[in-house]
Amino acid sequence: MKVALCGLGEIGQIHLRAIRESGHELVGVLELNRRLAVESVGDEVPIHTEVMEMVELTEPDVVDICLPHHLHVPIAVAALEAGADVLLEKPMAIDLAGCDEIIAAAEAFDHRVGISHNQIHFAPHRRLRELIDAGRLGQIRAIYERLWMGGKYGGWREDSSQVGGGLLMDAGVHRVYMAEYLGGPVETVTAVMDNPRAEDAFAITLGYESGAIGVIQGGYHGPDGVFDDRIEIQATEAMVEILGCEAFFEGDLEGELRLRHRIGGEWVDDPVTGHWDESVIASVQSVLADLAAGREPEVGLREGRSAVAVVEAAYRSAETGRTIRISELEERNS
Ligand SMILES: NC(=O)c1ccc[n+]([C@@H]2O[C@H](COP(=O)([O-])OP(=O)(O)OC[C@H]3O[C@@H](n4cnc5c(N)ncnc54)[C@H](O)[C@@H]3O)[C@@H](O)[C@H]2O)c1
């Protein structure tokens, strides 16, 4: 397939590697930062600053979008209208209305959309999912997830109008889709935040359709430089502790085993390993492989929208002090 890549920043660089290594053909890039674009692709492909020009001149089969969040909807819709499939970084959009615009365009122009929820491709997370599917944990009763960061990235990520929120809408989205990947659909959301829609700290309680309870707690408040995203599970037959894939950014946990479980009365270190960038590459290549085969991507419109719905419910809960049912959002949105 011919693939055009939008955005060559932090994650765009990993997508670039993934596309090059996938055997698909990079046909063009969209990037406002000319120096970065030239450093990244030289004269290998044309560099564009306007999406319509790029899709008209390069006629891509897939447009891969690694841009700030507020650009996801307009660029995805433009790509779909131009006749391409779309690969979109998380989050799918900054609100449910944006997700629905993308869904409507995908239906109208009969094209597919895959979302890069890369952490489901982190090998220890996939191994955990296998254990769940094989019934090794029994019934999951509680999932605790944390996201402790020390410091912010700066740039557009500190502008809530471009992010669509604060920490939850940014790195927190990984915790949200992982909550659903491990525990299934969420029914209710109750949240506390310091400053909803521009939050630096949050705690969310999830009520799963299965009857299980989830907790996601995140904050930017240090110590400086840390990135710690652990998950713990309590199930009827097992307990699990897992160091998330972003916990290894700073190197201070390098060499630690990622996944420990107590199945059948004994704690075991599972030898499966993985790294953050491998999970991004696997995620990009998985979407490209599904699109090339004409299949719905493993993570598509439904999963992308579902994660945004949980975030939206959390914002409304924090603003109103009420528990929000996901079904309530659907009524308001229809
Ligand atoms: N999966 C992950 O672990 C992960 C990690 C980082 C970022 N992300 C996601 O990737 C996306 C991009 O984030 P990032 O950290 O790479 O951002 P970034 O700021 O590092 O890169 C964004 C790039 O887009 C370019 N850009 C901005 N507006 C543009 C426009 N109108 N036209 C063309 N180019 C434009 C910028 O020049 C910049 O190079 C976001 O959705 C973010 O949430 C995901």
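The loop between H5 and E6 holds Asp-110, which has a positive phi of about 55° although it is not a glycine. Helices here are DSSP runs of H or I with at least four residues, strands are runs of E with at least two, and both are numbered from the N terminus. The model is a predicted one, so to speak of a local feature takes a pLDDT of at least 70, side-chain atom pairs count only at pLDDT 80 or more, and totals for chains, interfaces and linings use all residues. Residue numbers start from 1 along each chain as its sequence is written.

Strand E6 (113–116) also turns up at the rim of an open sheet. This sheet has six strands in the order E3-E2-E1-E4-E5-E6, with parallel pairing; two strands pair if DSSP finds at least two bridges between them. Its edges are strand E3 (47–48) and strand E6, each of which pairs on one side only. Further in, strand E4 (residues 62–65) and strand E5 (residues 85–89) run parallel and are joined by four bridges, with Leu-87 of E5 as the bridge partner of Asp-64. Helix H4 (residues 72–81) lies across strand E1 (2–6), E4, E5 and E6, and runs at about 165° to E5. For that angle, axes are lines fitted to C-alpha atoms, for helices over the stretch in contact, and angles run from 0 to 180 degrees between N-to-C directions.

The loop between E5 and helix H5 (96–108) contains Pro-91, and the peptide bond from Lys-90 to Pro-91 is cis, with omega near -15°. Another cis bond links Gly-222 to Pro-223, with omega near -5°; Pro-223 sits in the loop between strand E10 (213–219) and strand E11 (227–228).

Then there are the antiparallel strands. Strand E13 (residues 238–242) pairs with strand E14 (residues 259–263) over five bridges in the antiparallel sense, and Val-240 has His-261 of E14 as its bridge partner. E14 is joined in turn to strand E15 (residues 267–270) by four bridges, again antiparallel, with Arg-260 partnered by Asp-269 of E15. The hairpin of E14 and E15 has three residues between the strands, and Gly-264 there takes a positive phi near 75°.

Across the boundary, 13 residues of domain 1 are in contact with 13 residues of domain 2, contact being C-beta atoms, placed from the backbone, within 7 Å. Helix H9 (residues 276–292) gives the largest share of the domain 1 side, three residues. That side divides into six nonpolar, five polar and two charged residues. Here Ala, Val, Leu, Ile, Met, Phe, Trp, Tyr, Cys and Pro count as nonpolar, Asp, Glu, Lys and Arg as charged, and the others, Gly among them, as polar.

Terms used
Contact = placed C-beta atoms within 7 Å.
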